[in-house]
Amino acid sequence: MKLRSWVCCSALLLAAWLAGGAVQAQALEPAQAELLRADDALPPDARDPRWHSVPLPDAQPAPVAWYQLVFTLPADAMEHMQHDAWMLYLPYFYGGGRIWLNGQLIGAVPETTQDTRVRWERPHLLALPPSQLRAGANRLQLRVAASQAPAAALLPRLVLGPQSVLQGQFDLRLFFVRTVPVITVVVSLVAGLFALYIWLRRPQEQVYGIAGLIGVVWALRTTTFVFDVLPAWAWPPWRLLYHASNGGFIVLLALFALHVAHWQPRWLLRALLGWWALGPLVYLLGGASAGAEQWVARWWVAGLIPIGVMGALVAVGAAWRRPSAERILIALVFVLTLLSGVHDYLIALQSPWFSAALPQWSAHRFFLLHYGANLLLLTMGGLITLRYVRNLRALEESHRTLEARVAQREAEIAASYARIAALQREQAATDERQRIMADLHDGLGAQLFTSLLRAERGALQPQQMTGMLRAAIDEMRVAIEALASGDGDFRTALVDFRFRWDTRLRDAGLATHWHTELPDAVQALQPHVVLQVLRIGQEALTNVLKHARASQVRVQIALQDDALVLEVSDDGVGLETTGSPAGRGLSNMHARAERLGGRLERPATARGTRIVLRLPIPRTRDALPS
């Protein structure tokens, strides 16, 4: 908080306190009353000698106590009575009772009965009927019943005055002792359960578990300011729950401080848990009696003070050894909560020296622990929330780092795959070149070498020389067409092959019919496969030109049942009737087809010759025959 804001808030609080003091001066706040210890249902005689004076506030260890006091209205009070009625303000009235004004019953607050138990934490504001008030002295008599906790008849330092003066005091105290606890119960319970949920999802984060338990037990403990009337059967378990949650809150705070300080000896943890269980156990074994309630309230609660002191000292020590804004803040609110707890203990015990030191304050029994604890819980909740946010940010940062690393590794793997693929393509191209070079060496090379030898011996006629050279050129063109097709593009090679052979066939006087049905799936054939297919086609067409004596030739290329089908047919005389040496060509075609993993067929026809190549074509290029 900035200095300017702090000064403004302080000034407002000071102004409100001064205004309250000025208003209080207009009311009557008797410092003494007369006491008579009796269980009468009606007010005792005002002249009864048993009446004796006592200072207010007063507590009597009796089931019922009677109090009376005389007050005098200010001179102008009767004039303003119609517009500003006089009221009786009771800051607390734990056990309930009844109020008489000048001998007439003017109000009653329910008392404990056989069927119900009461403990009125809330204040009461009762109207004083103008018809019963007198211009001079007025006698007020109160029947004060004892409450269950504490087991005594308590009369506060009551206040008499106009409603305009007392209504603000009543509303303020009602807000702090009733509205704030209700809000505390809801918020603490929700926040505690949420912290416990986080702890269940992340058991290694023990701080969430401890903080969640603190929130839950504090919500249970604060219900003592919420319920004023309970059935008689519910009172013992409700008080047992109160004692368990009251001690649990202090012990859990100490455990939280030990966790923050990273100091958790086993013997100390067992001792803390043992003292926590001792109070509820004594109350339970004592039959929830008034004596058990008194022992727990005086001695067991007194033992919680050293535990709170230890927790505060541990928090301060942790902040001293490893100073940080969070540890210093925790230490400060721990000390404030400890002081508020000691304050409440002294108020509850009605400590004489505390009442002498702060008579006005102690007279109103204003308990501070639930406000100090609320401040502590808010601080813890804020710090735990910051811790949770930091953990989320760290987790997000680790995710981003991990994603970046994964992306980097993926990029590296992709680059490695790309290099491997490039190497594989280079190796495949090298292998293809080696195969084609071997084919050229074994085919075209051998053919040229044989022709050269025969030519040197003079064994070749000009016509034979021309045929051999033409065959060599055809072989070379087929190889060039297979190699020139981009990435094994069979269609491109087929177009070049068709253009060359269609011209030659027509020049030879043959009518040609080309029929092609090739989907995209067979475009990518390896170059050596293209070369072998074209060689088979070339051999078949060469046989037609040399031996068939045909008038027309039909070439069909299609994909049938995942197989490339090349069919060459003519209307000639057929191979069996020509007596030509075409058998060697057929053998070569059969051998080429087998190397490709296919088969060559020569179905019978009524006229001419029909050559069919069936070559299985897988759908993926990587599985093509090699």
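I looked up Tyr92 first: it is buried, and so is Tyr94. Buried here is under 20% relative accessible area, exposed is over 50%, and partly exposed is in between (1.4 Å probe, protein chains only).

Notes on the model itself. It is predicted, so I keep in mind that local features need pLDDT of at least 70 and side-chain atom pairs pLDDT 80 or more, while totals for chains, interfaces and linings use all residues. Residues count from 1 along each chain as its sequence is written, and side-chain values use heavy atoms, with hydrogens and water left out.

**Aromatic pairs**

I searched the whole structure and got seven aromatic pairs. The rule: rings of Phe, Tyr and Trp (its six-membered ring) pair if their centres lie within 6.5 Å, with planes under 30 degrees apart called stacked, over 60 edge-to-face, and the rest tilted. Why is the pair of Tyr92 and Tyr94 stacked? Their ring centres are 4.9 Å apart and the planes sit at 20 degrees, so stacked it is.

Next I checked Phe176 and Tyr371, which pair edge-to-face at 5.6 Å centre to centre, with 85 degrees between the planes. Phe176 is in helix α2 (residues 163-201) and Tyr371 in helix α10 (residues 369-457), so this pair ties together parts 195 residues apart in sequence. Helices (H or I, at least four residues) and strands (E, at least two) are DSSP runs, numbered from the N terminus. Phe176 is partly exposed at 28% relative accessibility, whereas Tyr371 is buried at 18%.

**Charges over rings**

I also looked for NZ of Lys or CZ of Arg within 6 Å of a ring centre and within 35 degrees of the ring normal. Arg119 lies over the face of Tyr94, 5.2 Å from the ring centre. Arg504 does likewise over Trp501, at 4.6 Å.

Expected span is 1.5 Å times one less than the number of residues. Helix α6 (residues 290-321) has 32 residues and reaches 46 Å between its end C-alpha atoms, close to the 46 Å expected. For bends I used the angle between axes fitted to the seven residues ending at a residue and the seven starting there. Where does α6 bend? I found about 30 degrees at Val296.

Helix α5 (residues 266-285) has 20 residues and should span 28 Å; its end C-alpha atoms are 28 Å apart, which agrees. A kink of about 25 degrees shows up at Leu278, shortly before Pro280. Among the buried residues of α5 are Gly279 and Pro280.

Leu56 and Pro57 are joined by a cis peptide bond, omega about 0 degrees. Pro57 is in the loop between β2 (52-55) and β3 (58-60).

Two residues other than glycine with positive phi went into my notes. Asn102 has phi near 50 degrees and sits in the loop between β6 (97-101) and β7 (104-109). His262 has phi near 55 degrees and is in the loop between α4 (235-261) and α5. Buried or exposed? Asn102 is buried, at 15%; His262 is exposed, at 59%.
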